[in-house]
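I opened the model to look up two things.

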Amino acid sequence: MLQQAFNGLVGGAFYALLALGLAVIFGMLGVVNFAHGAFYMLGAFGSYVLLDSFGVNFWAALVLVPLLLGLAGTVLERLFIRRLAPLDPLYNFLFTFGLALILQDLVKREYGVQSQPYPRPGLLSGTVDLGLFGYPAYQVFVLAVSVVVCAAVWVVLTRTRVGMIVRAATERPDLTRALGIDVGRWVTPVFGFGIALAGLAGVLAAPMRAVNPLMGADLIITVFAVVVIGGLGSIFGSVAAGFAIGLVSALGNLYVPALSQTLVFILMAAVLLWRPAGLFGREEALS
Amino acid sequence: MPATDSGPILSVTGLSAWYGEAQVLREVSIEVGQGEIVTLVGRNGAGKTTLLRCLMGLQGRYSGGIAFLGSDIVRLPAHRRARMGLGYVPDDRGVYSTLTVEENLTLPPAAGPDPWPLARVYETFPRLKERRSFPGTKLSGGEQQMLALARVLRMGARLLLCDEPTEGLSPLIVGQIGDILREVKRQGTTVLLIEQNVHFAATVADRHYLLAEGRVVESLRNDEMREREHELLDYLGI
Ligand SMILES: Nc1ncnc2c1ncn2[C@@H]1O[C@H](COP(=O)(O)OP(=O)(O)O)[C@@H](O)[C@H]1O
Ligand SMILES: [Mg+2]
């Protein structure tokens, strides 16, 4: 059971990274980024292609891929998202949704739907003795990276002026502009950063999950549920909910396997009935 | 209107505003002189908040002229207006729950000739000093209102735009807000104040505009306002 709990935390590590990106993007831009899963998929494919065609190893990909995808994110924000933002939010929903489909299909056309193999980096191929049981070193690494990245983001958010501005703009974008902060200037880097996190999650996923064009689409639905449970617009909530949902669904899988697919959504419904704004959301964020 | 040698600090001409197809402001024209306290009085739904949103650049659709410090600001985005010295105190007080009290105070950049140093803010509002590391929304309603006022004073805003700062607060706190507004006026800062409490308005303001259904229906000096307080209370249905 402890081992299953650990599996849950590793799964939660992915939820947390993806939900964190979604939450900062939603908070600051008011955009529900349906393409988030596609960028996760591109992260995994990016590291696959780098290794397969250019011989670039996992460690370099871990830095390079998020960087490139983050850059692509900033371009995307500048060219499209920003222009659609003044219109009905529906336009950006449709845009990111369409983008996700396009990216998926482009990858599908090139590589088909079957999963591509990606070897574990040699350094992390063994197991780690966690006292009560041995655990694959790679999975421990994934968990550690996710925790460190989330913690680092937390420190930046809570201890720096930039973080203060991002928090303020996430909570009340209009008010923050009215208090003299050029929120627009921070939107591009924040969007790029959110995409980079999705890319990072993708790179981390490559050696332990099936690398295929649909890997993002499958995962992102759950991540949306995670963000809603954590509270739309709550950055802390989305990370906490990410790890919690990973844990709960892994344990649920152990005890009630029949519910493994739906448990998250049952949980979401229950949380929303109890707290309509999510666990850490603010009620007024709904209006 | 008190003599001002440099013209009005704020001059609004023919301002109209819409939410979707519904027009809620119709050709509103008002002026605020340097150093004045001017109130906007009117029933709920008259368009007072919308007027401030237009001034701040937050209203989606509006037309007309807004001159602040002699220059047209209609095309400026909200943050540029704030940096010119407009200090916005919204009707919900605009206190951030994800920022501490001190962060709430230090978020806006300086936006005027003499921003208050944090020490002065804490001297004037000792309660905020005691609670400076609390999340902003852990404060009581009155304390949050003080925080919202303190924040724009710390910015050094030249013109405070205060949306019903006394609403729902105890007479004691309302009195304190009155004291602060009078001190603000003494230091030469201008205030445009939305106020349903006509009696309170008459204790702090120089002039008043009466708004009804999106139009300015009357402009009164404070002595006229005092004479007609009861009539106006009836009119406002308060
Ligand atoms: N967000 C909004 N969407 C649509 N109509 C609105 C909105 N906010 C205010 N209104 C309408 O605009 C009118 C003026 O509102 P407001 O400016 O808030 O008035 P006041 O502050 O004087 O009470 C009211 O009829 C109100 O119902
Ligand atoms: Mg109002």
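I looked up strand 6 of chain B and found four bridges to strand 7 (residues 159–163) of chain B, the two running parallel. Strands pair if DSSP finds at least two bridges between them; strands (E, at least two residues) and helices (H or I, at least four) are DSSP runs numbered from the N terminus. V89(B) has C162(B) in strand 7 as its bridge partner.

This is a predicted model, where local features need pLDDT of at least 70 and side-chain atom pairs pLDDT 80 or more, while totals for chains, interfaces and linings use all residues. Residues are numbered from 1 along each chain as written, chains are lettered from A and ligands numbered from 1 in written order, and side-chain values use heavy atoms, without hydrogens and water.

I traced the whole sheet next: it is open, with six strands in the order 6-7-8-3-9-10 (chain B) and mixed pairing. Strand 6 (86–89) and strand 10 (215–221) of chain B are the edges, each pairing on one side only.

I then listed the residues around ligand 1 (a heavy atom within 4 Å): Y19(B), V24(B), R43(B), N44(B), G45(B), A46(B), G47(B), K48(B), T49(B) and T50(B). Helix 1 of chain B gives the most, three residues.

I checked polar contacts (N or O pairs within 3.5 Å) to oxygen atoms of ligand 1. A polar side-chain atom of T49(B) lies 2.7 Å from one. For backbone N or O atoms, I noted 3.0 Å at G47(B) and 3.2 Å at A46(B).

Definitions and conventions
Polar contact = N/O pair within 3.5 Å; in protein donor to acceptor, adjacent residues only side chain to side chain.
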